[in-house]
There are 2 protein chains.
Amino acid sequence: MPKLWDSTVEEHRRTVHTAILDTTAALVGEHGLAVNMSQIAQHVGIGRATLYKYFPDVEAILVAWHERQVTEHLDQLAQAAAATEDAGERLQAVLSTYLALSSTGRDHGGHAGGQPPGHGTELTMALHHSQHMTPARQRLHDLVTHVITQAADAGIARADVPPAELATYCLHALAAAAALPSPAARQRLLEVTQAGLLPQR
Amino acid sequence: MPKLWDSTVEEHRRTVHTAILDTTAALVGEHGLAVNMSQIAQHVGIGRATLYKYFPDVEAILVAWHERQVTEHLDQLAQAAAATEDAGERLQAVLSTYLALSSTGRDHGGHAGGQPPGHGTELTMALHHSQHMTPARQRLHDLVTHVITQAADAGIARADVPPAELATYCLHALAAAAALPSPAARQRLLEVTQAGLLPQR
């Protein structure tokens, strides 16, 4: 039964792949970026040679982990966009969902004022902001661009700036959520960011 | 002449320190974050043990390098702020200077659409956005907060959101400049970001 065998092998591969991503994220969250392939292999419970069959280096694992995260977020954003027909409500729903995703985990371990949070947040932020336009990141940008285009067509978003540029602005501005201490502050960030999108007075 | 000797030693230390930062930035720009202490020591032309007397790891070198960059940028922002008495002009001057600093090097090696730029830009972005509130980064935030406070007092910036939060918003939104392909697009980013700061209609 080669088919069953194949699916078992494939399933095993996927389980190991997932374990590598999860373990690496946990290790970086605990120790920062100074994590090496040997430590990861040891914590996953596989040999170092096996790990190298999956990924060439730590950076590649982090990129894959980030890609998985963004893909999960994309699903939630697409759902938020599909939940309403109104262009204004849709824009609001997508931006506030993105804001919530950007601030995940921020209420725990509170980061008021100048205190740095754990390595985990730092890493997420760094990856989120790196200029790597991965496929998932590109789809995220496309989704926001699309929603802004609809809002501009409806006359409720400015039409004098290309929607793709407004999407870049939104994604960067809303990422500030991770640096803000309270839900109220993040709500104000959403309002301020949206004010930048309004048609010019 | 112990004084002369001291100053020579101090000068030597500073020269090596500078060389470590410059060399590491160049190596990361070329090879990405997969750079180790041995490679850095070799390229600086010092022993590995000597390098460890200056920095405990690569991350510490990158943080110091970033701190030096932000400090240089701060001087330029402070000059821009001091050049005018008018609160509105001052805000405009500080934000456009920050925008220019955020997009340094962007016109070379052009990064249109989804193409990732070199590792150098990526690293700068990652560090810029990491939640590490280093002393220089804190001073940058304080400077922008101060200028926004003055603009709010003058009635030309919104007063319903704390100036420190507006500063966080501005710094994140303007960092999008590094992802925008042209000077015209970055100018539009500045306008959109400033629109978010206006008093509510």
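B:Thr23 is buried, at a relative accessible area of 17%; buried here means under 20% relative accessible area, exposed means over 50%, and partly exposed is anything in between, with a 1.4 Å probe and protein chains only. This threonine belongs to helix α1 of chain B, residues 2–31. Helices are DSSP runs of H or I with at least four residues, strands are runs of E with at least two, and both are numbered from the N terminus. Once neighbours within four places in sequence are set aside, B:Thr23 is in contact with B:Ile40, B:His43 and B:Val44, where contact means heavy atoms within 4.5 Å.

The model is a predicted one, so local features need pLDDT of at least 70 and side-chain atom pairs count only at pLDDT 80 or more, while totals for chains, interfaces and linings use all residues. Residues are numbered from 1 along each chain as its sequence is written, chains are lettered from A and ligands numbered from 1 in the order in which they are written, and side-chain values use heavy atoms, with hydrogens and water left out.

Now for chain A as a whole. It has nine helices and zero strands. Of its 201 residues, 47% count as buried. Take the contacts in chain A with a separation of 6 or more: 68% of them come from residues 24 or more positions apart. Chain A exposes about 9,500 Å², and carbon and sulfur atoms supply 56% of that; the areas come from the Shrake-Rupley method with a 1.4 Å probe, and for residues only the protein chains shown count as cover.

Helix α9 of chain A, residues 183–197, has 15 residues and reaches 22 Å from first C-alpha to last, close to the 21 Å expected. That expected span is 1.5 Å times one less than the number of residues. Among the buried residues of this helix are A:Leu189, A:Val192 and A:Leu197. Their cover includes α5 (87–102) and α8 (163–174) of chain A, together with α8 (163–174) and α9 (183–197) of chain B.

Over in chain B, B:Leu189 sits in helix α9 and counts as buried at 3% relative accessibility. B:Leu189 and B:Leu174 are 15 residues apart in sequence and 7.0 Å apart in space, C-alpha to C-alpha. Beyond four places in sequence, the contacts of B:Leu189 include A:Tyr169, B:Leu99 and B:Leu180.

Next, the rings. A search of the whole structure turns up one aromatic pair over all chains. The ring centres of A:Tyr169 and B:Tyr169 are 6.4 Å apart with planes at 90°, so this pair is edge-to-face. Rings of Phe, Tyr and Trp (its six-membered ring) pair if their centres lie within 6.5 Å; planes under 30 degrees apart count as stacked, over 60 as edge-to-face and the rest as tilted. The pair crosses between chains, from helix α8 of chain A to helix α8 of chain B, and both tyrosines are buried.

A:Tyr169 and B:Tyr169 also have the most contacts inside the largest nonpolar core, a set of 70 residues. Such a core is made of buried Ala, Val, Leu, Ile, Met, Phe, Trp, Tyr and Cys residues joined through side-chain atoms within 4.5 Å. A second, separate core of 19 residues includes A:Leu27 and A:Ile61.

Finally, A:Arg13 lies over the face of A:Tyr54, 4.5 Å from the ring centre. The cut-offs for a charge over a ring are NZ of Lys or CZ of Arg within 6 Å of the ring centre and within 35 degrees of the ring normal.
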